[in-house]
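Please read these points with the model open beside them. They cover strand pairing, aromatic contacts, the nonpolar cores and confidence.

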Amino acid sequence: MLAVAVLSVILLGLMAIAQPTLQVEYPASPSSSDSSSRLIRLGPDDDLQDALNKAVSGDVIELQAGAIYHGPFVLRKHGGPGWVTITSSTNAQHPLPPAGVRVTPEHASAMAALVAATGSVISTDPAAARYHFIGVEIRPESRNRMPDYIAGIRRTITNLVELSASNNSVQTMPHHIVFERSYLHGDPVQGTRRGIVMNGAHLAVIDSHLADFKSTEDSQAVAGWEGTGPFLIHNNYLEAAGENLMFGGADPRVADRTPSDITITGNHFSKPLSWQEDHVLHDGSDWSVKNLLELKNARRVVIDGNLFEHNWPDSQNGFAILFTVRNQDGKSPWSLVEDVTFSNNILRRVAAGINILGYDDNYASGRTQNVRIHNNLFYEIGDDWGSGLLLQLLDSPADIEFTHNTAMQSAAILSMEGDPVPGMDISWNVFMENSAGISGTNTGPGQHSIDTYMKAPVTIEGNVLIGAGAAAYPSGVTRVTEFDSLPFIDPPSGDYRLQDLRGGTFDGFEEIPGVNFGQLCAALSNTDRPLFC
């Protein structure tokens with residue numbers, strides 16, 4: 001189990017970035033529980049719901065690895081300061097990896113399976129709290145055990161895990177619930193809309209594998225829209241057709257509620273190419289594909305050390321990352337996106353990069369503001385994947401920083417539309433210029449667009465534009481005509497490290513532009529770290 005000391009290292013490492021003000025609290029290891037703790041072993045025919053109903057603070061419910069427990073299951077309010085742990089027995093031939101290591105589908109044989117045919121596999125009573133799941137598989141009931149139709153109604157699972165309360169007041173919302181080293185996956189044929197709904201406080205999923213969440217409607221591996229936070233999504237594989245991860249997307253039932261203090265670190269976000277209609281691996285399916293990560297109503301968010309890949313135009317235009325404030329159904333005008341750090345990530349093999357919307361263009365909303373995009377590597381943006389636009393700013397988001405990034409994109413660096421952006425810093429980046437450069441609607445690339453769509457304070461310095469033409473940019477922007485004239489180490493492998501050539505290309509520069517690869521590699525998980533690290 002991931003102990004408190006290890007979590008402290010992870011969280012302290014983020015404090016220099018933009019540490020959320022609250023931290024998710026974790027249980028101590030079962031071995032450190034007090035002497036009154038009980039170990040409750042359940043065989044494959046035993047009643048897990050009965051064990052959950054009777055569980056008290058400190059209990060460890062051990063399920064038999066390889067067994068299937070048929071739900072649905074409800075987490076009750078058990079009271080007490082301790083945690084109830086639900087885990088699988090040791091499988092000597094196929095052991096679960098140690099804490100801190102992400103599981104894969106191959107570890108399913110080391111896990112007990114929790115299944116249900118309708119509703120949710122796991123849901124919560126009001127104020128359910130302090131449950132820790134370790135090494136369990138959670139999925140819909142196998143199709144060979146349930147007819148497709150019963151009384152004309154197709155049996156479906158909408159959310160595998162629903163951590164939510166009927167009115168979601170602070171007093172009734174679920175809190176302190178952790179899923180660790182677990183395998184959650186949807187129905188491979190029919191689809192399942194969501195993996196985990198996070199509408200509570202102190203909720204986390206770590207070292208886990210969430211896959212096959214897909215629908216002709218919106219679908220997510222992880223989603224939350226009315227919890228208070230904090231939330232931690234750390235070292236997982238996250239796969240969904242709609243948005244792999246989303247906060248917002250529905251109006252909270254509590255006024256002024258914004259999911260806050262969100263830490264998203266060390267994950268791998270991806271969509272299988274079998275879902276892409278024009279790909280050679282397409283399986284004939286027609287799911288609604290949108291993006292890899294979207295914030296519609298969120299505050300104080302750290303997105304650090306993640307690998308994002310595989311996103312294409314389908315139900316949206318192909319942007320992989322969206323910071324787009326939405327008062328979704330018109331009943332939450334307080335919705336906003338603010339204080340976001342997007343750092344030390346790799347974004348590759350997608351149609352377009354990041355889309356930032358200042359205000360909802362359908363209903364009244366708060367603003368998207370204070371977004372820091374720093375030290376990220378973007379490559380294979382566009383070309384065969386889609387438009388190739390790196391960054392889009394619409395309707396006046398405020399205080400946007402784009403610094404020390406390296407971007408190999410096939411279209412414009414930045415496209416702007418609507419009211420000007422107050423507060424813009426574009427510095428120490430390496431970009432492909434691609435003739436469009438920094439542009440706006442009805443304004444050409446260069447200074448004209450900057451003057452039209454940016455308001456003071458504006459900082460643009462130390463950038464390198466590869467292939468730049470005659471466009472007028474501020475002083476301090478270096479133009480490099482040929483890609484090969486920049487000393488990248490090994491572009492085919494994604495290694496866009498630059499040598500320090502202050503006596504040549506970067507003569508007079510205060511800093512070397514582009515990504516600091518030492519920081520980037522240190523932030524990525526061991527599982528997703530590229531070979532050049």
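**Notes on the predicted model**

1. Strand S21 (residues 243-247) pairs with strand S24 (residues 291-295) in the parallel sense, over 4 bridges. Methionine 246 has glutamate 294 of S24 as its bridge partner. Strands pair here if DSSP finds at least two bridges between them; strands are DSSP runs (E, at least two residues), numbered from the N terminus.

2. This is a predicted model, in which local features need pLDDT of at least 70 and side-chain atom pairs count only at pLDDT 80 or more, while totals for chains, interfaces and linings use all residues. Residues are numbered from 1 along each chain as its sequence is written, and side-chain values use heavy atoms, with hydrogens and water left out.

3. The open sheet consists of 12 strands with parallel pairing, in the order S4-S7-S12-S15-S18-S21-S24-S27-S30-S33-S36-S39. Strand S4 (73-75) and strand S39 (438-440) are at the edges and have a single partner strand each, so one side of each is left without a neighbour in the sheet.

4. Phenylalanine 269 and phenylalanine 308 are stacked, at 4.4 Å centre to centre and 25 degrees between the planes. Phenylalanine 269 belongs to strand S23 (residues 268-270) and phenylalanine 308 to strand S26 (residues 307-311), so the pair ties together parts 39 residues apart in sequence.

5. Phenylalanine 323 and phenylalanine 342 pair edge-to-face, 6.3 Å centre to centre with 70 degrees between the planes. Phenylalanine 323 lies in strand S27 (residues 319-324) and phenylalanine 342 in strand S28 (residues 337-343), 19 residues apart. Phe269, Phe308, Phe323 and Phe342 form one aromatic cluster.

6. Which residues touch the most other members of the largest nonpolar core? They are Ile61 and Phe323, in a core of 91 residues. A nonpolar core is a set of buried Ala, Val, Leu, Ile, Met, Phe, Trp, Tyr and Cys residues joined through side-chain atoms within 4.5 Å; buried means under 20% relative accessible area, exposed over 50%, partly exposed in between (1.4 Å probe, protein chains only). A second, separate core of 20 residues includes Leu377, Ile466, Val480 and Leu520.

7. The mean pLDDT (the predictor's confidence in each residue, from 0 to 100) is 89, and 88% of residues reach 70 or more. Residues 1-22 have pLDDT below 50; beyond near neighbours in sequence, this stretch has 44 contacts in the model (heavy atoms within 4.5 Å).

Definitions and conventions
Phe/Tyr/Trp six-rings, centres within 6.5 Å; stacked < 30°, edge-to-face > 60°.
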